[in-house]
Amino acid sequence: MSTTIAITEYLAIALESERWECRVCGHDIASARDNYKTGLLVYDRDPREIHDPKLDERYEFTYAPDPTWCRIIEFYCPSCGTMVETEYLPPGHPLTHDIELDIDSLKARHLAGANAAAASGAAASRSREV
Amino acid sequence: MNVIADKSLVERFLEENILFLGPDPDIMNNHHLAAETSAEAAALAKFTGKDDLNLVRHKLQTACNESFDMVEQMGAAPGAKWGDLISGVWTASGDLALSSMGGVLLFSVLTQHPVKFILKYWANEPTVGIREGDIFMHNDARYGNIHNTDQSLVIPVFHEGRLICFTGAIVHEGENGAIEPGGMPSKAESPFDEGLKMSPIKVGENYTFRRDIMTFLQNSVREPKLQLEGMKSKLFAAMRMKTRVEEAIAEYGVDAVVAVLRKTLTDTAEEVRRRLRGWPDGKVRQNVFPDGTLRENCLVKICLEMEKRDDRLILDFRGSAPEFLNRANNTVLASAKGMLAQEFLTFVWPDLPRNQAVFEPMTVITDRRSSLNCSPEAPNAQSMMTFFPSFTAAQLAAPKFLYSAKERATDVIAGWYNMIVTFIYGGLNQYGELVGNVCADLNGMSGAARSNRDGEHSVAPIFAPMADIGEQELIEEEVPMMKIVPNRVMTDNSGFGKFRGGHGYQQIATMKDTSLWGFMCCSIGSKFPSSHGIFGGYGPGTYPLCKIKGVNVFEVMKDRRDLLRFSIEELMNDRPFEGATYTTHHMGLQLEFATPGELYMITQGAGGGYGDVLERDPELVAKDFRDGLISARTVTEIYHVVLDPKSKAVLAEDTDAARQAERARRKARGKPYHEFVKAWVTEKPPADLPFFGCWGDRSVIHRGTPDDTCPGEAIAPVMMPDPKDVEIAKLKARLAAVGAA
């Protein structure tokens with residue numbers, strides 16, 4: 001049995017193993033005590049590829065972000081290719097360690113309940129709490 | 001010589017001879033509830049029936065809503081008419097206990113400061129005092145509220161000679177006599193450029209305005225009639241609420257009202273703590289990058305580390321950009337707290353009572369003299385340019401706790417569009433009257449995508465869940481502006497994702513029948529998007545101000561209706577008006593006088609997207625395409641959906657194949673994290689990027705260049721050069737280069 005807590009649309013934490021997992025394909029990403037991004041693939045996207053310029057090249061401002069000011073950093077699951085997260089950053093800006101949960105507290109909160117359920121024989125083989 | 005006695009004499013002299021009452025840091029830096037008074041304790045002990053408490057609470061809540069409606073119906077200012085206000089009841093200690101359900105909810109957490117100032121400094125001041133019938137006003141953000149275009153009015157409510165509470169209203173009145181018309185001068189380079197700044201002041205007695213003070217206030221602004229009308233509507237609303245309080249006292253007793261006001265606050269705070277306990281413990285972080293001061297483009301970093309521990313939430317903004325001593329984009333810390341509370345009042349717990357206690361379990365940490373905690377010497381009329389982004393940082397961070405929270409009162413949501421895209425105006429209207437104010441369609445910000453549905457198009461501002469964008473016909477009756485294209489959705493103006501953000505509309509404006517008319521705009525996000533998506537969703541794009549000058553479209557189109565285009569894109573790319581100049585700019589436009597028939601064009605931004613674009617239901621993609629919301633390019637290159645060329649129906653198998661191929665491309669082009677970081681991260685900001693705030697180390701603050709830094713604990717405020725001087729220097733350099741050649 002394992003208890004997995006959904007943390008975002010695409011990320012979960014498996015409490016017993018203390019691992020980040022992909023919620024789409026179950027890929028083991030990284031230690032839950034580390035930055036989940038360390039286990040993902042990263043891509044530097046020219047923002048004009050997403051936000052297409054509406055005005056032609058005669059203009060300084062075109063509705064597209066300035067690629068010398070802003071880049072879109074895309075994070076992909078290495079197994080299924082799901083885009084887990086995006087960051088809009090100036091070129092060269094350090095990536096953000098955006099989720100740093102207290103794993104001991106998380107385990108205490110959820111495993112206490114799961115253990116009690118297991119003891120009563122009511123636990124399912126795999127529970128996914130949302 | 002007796003040094004101790006001399007020192008004591010000096011201290012006594014200073015205590016007895018206060019030369020100047022500035023903003024009180026003890027009041028301004030404290031958002032917490034006042035301690036329970038003995039009168040409140042006694043009332044709570046006597047009035048304990050839960051049903052009766054609930055009844056009285058609803059009576060007073062209804063009174064707040066009734067007064068809100070009164071101001072909205074009576075008010076002359078565009079802000080009043082379209083809901084940019086609240087009305088409320090404050091305890092006898094000055095805490096806002098109840099406020100109207102609609103309107104600008106951030107006021108709920110920052111109106112207590114002027115009331116507490118009145119209580120602390122004027123109650124026992126022989127030349128002022130607090131008596132039945134007194135009317136107090138205030139508009140200086142350094143003493144509370146957001147910026148000095150907002151005017152607050154409160155009256156004390158007594159029962160048998162004892163102060164029971166205050167009632168009143170706060171309204172975005174607009175014009176305030178600043179260096180630019182309309183009340184929000186982005187051109188201000190000091191607080192003294194920002195117009196009328198009232199510290200809390202008694203403006204009337206016996207429920208009657210003093211004529212001498214009214215005359216002074218009317219002479220301080222460009223719209224004297226509006227000043228009078230705004231004050232009267234707020235007073236009548238406050239008096240109606242006072243009547244309702246007196247009715248509640250008559251029916252249930254004075255202890256009922258005192259107990260309900262106090263218990264509403266403590267119940268709210270306790271409920272917030274209970275809900276926070278259901279969030280996971282830990283830290284989440286979010287950076288946002290406002291891209292200008294409204295005078296120039298530059299990156300003004302706002303960084304947030306949000307820590308949840310048991311029943312407390314700590315919002316740590318250290319490392320954010322320094323204050324700009326000669327720009328209006330600075331925020332007073334109390335104002336920032338109000339805007340942060342808005343996130344919780346509207347987007348996290350909209351079911352809670354609207355009062356100050358919602359923010360009670362929160363702590364906000366900032367660097368002193370940063371752009372989110374500016375000094376009294378810094379102008380703040382356009383504080384929205386930094387505190388709206390601080391709100392966005394909180395809105396993007398909160399879902400990382402909320403998704404796994406024990407319970408939620410709302411859906412998980414991406415970043416709402418966060419800028420006030422509208423025209424501010426000033427000049428002579430078609431009746432020859434001097435006017436200056438803001439159009440209410442700034443309220444048409446686009447909704448963000450949620451975890452279960454798309455965002456709504458141009459639905460509501462981040463600061464007021466129930467506000468209106470105004471009626472174009474009514475606006476044209478009052479001012480000589482015409483919007484040739486008032487509210488048209490723009491293709492591809494969306495934050496893409498599994499669920500997409502709402503689209504924003506474009507506006508094409510001009511003017512006629514006036515000899516003097518100027519436009520202003522006050523938004524950022526022309527180079528760097530101002531809001532973002534979450535969980536793999538994309539943010540909105542960027543938005544320019546577009547101008548077509550040197551043409552009178554009314555003249556040239558008299559016999560050439562075919563010249564008109566109905567989108568900014570067509571007008572700017574086709575250039576149908578021969579001889580006109582076509583230019584784009586960032587959206588910080590200081591007052592610029594126009595001639596009749598020239599075009600000024602802006603675009604409401606989009607809400608952020610939620611989730612991976614490849615997970616969007618292909619049928620929703622096809623519908624958006626058929627509705628004209630997205631282009632064929634977006635269908636194929638962003639969403640990777642294949643449509644039948646003729647019927648535009650989804651080709652399911654081809655779409656699956658296209659999406660599988662894109663997933664494979666992602667895996668091929670993506671680099672392992674550490675390899676990417678090694679190539680990507682630089683030690684300092686790029687040399688050609690004017691960057692303000694920390695880069696990596698939060699204790700080192702950059703001041704515009706890679707090597708000009710100061711410690712976060714000792715910020716050196718920034719003085720920006722005049723953009724015209726910058727332009728002149730560039731032109732001189734070009735002349736010199738030509739001369740040298």
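**Figure 1. Burial and overall form of chain B in a predicted model.** Of the 741 residues of chain B, 57% count as buried, a residue being buried if 20 or more other C-beta atoms, placed from the backbone, lie within 10 Å of its own. The model is predicted, with local features needing pLDDT of at least 70 and side-chain atom pairs counting only at pLDDT 80 or more, while totals for chains, interfaces and linings use all residues. Residues are numbered from 1 along each chain as its sequence is written, and chains are lettered from A and ligands numbered from 1 in the order in which they are written. Chain B holds 20 helices and 25 strands, where helices (H or I, at least four residues) and strands (E, at least two) are DSSP runs numbered from the N terminus. Its C-alpha atoms fill a box of roughly 80 × 65 × 60 Å along the principal axes.

**Figure 2. The side of chain A that touches chain B.** Here 53 residues of chain A are in contact with 62 residues of chain B, contact meaning that the C-beta atoms of two residues, placed from the backbone, lie within 7 Å. Among the elements of chain A that give two or more residues to this side are strand 1 (2-6), strand 5 (41-45) and helix 1 (103-119), and the largest share, 5 residues, comes from strand 7 of chain A.

**Figure 3. Strand pairing between the chains.** Strand 8 of chain A and strand 8 (residues 282-288) of chain B pair in the antiparallel sense over 3 bridges, pairing requiring that DSSP finds at least two bridges between two strands. Within this pairing, E100(A) has K283(B), in strand 8 of chain B, as its bridge partner.

Key
A residue is buried if 20 or more other C-beta atoms lie within 10 Å of its own, exposed if 12 or fewer, and partly exposed in between; C-beta atoms are placed from the backbone.
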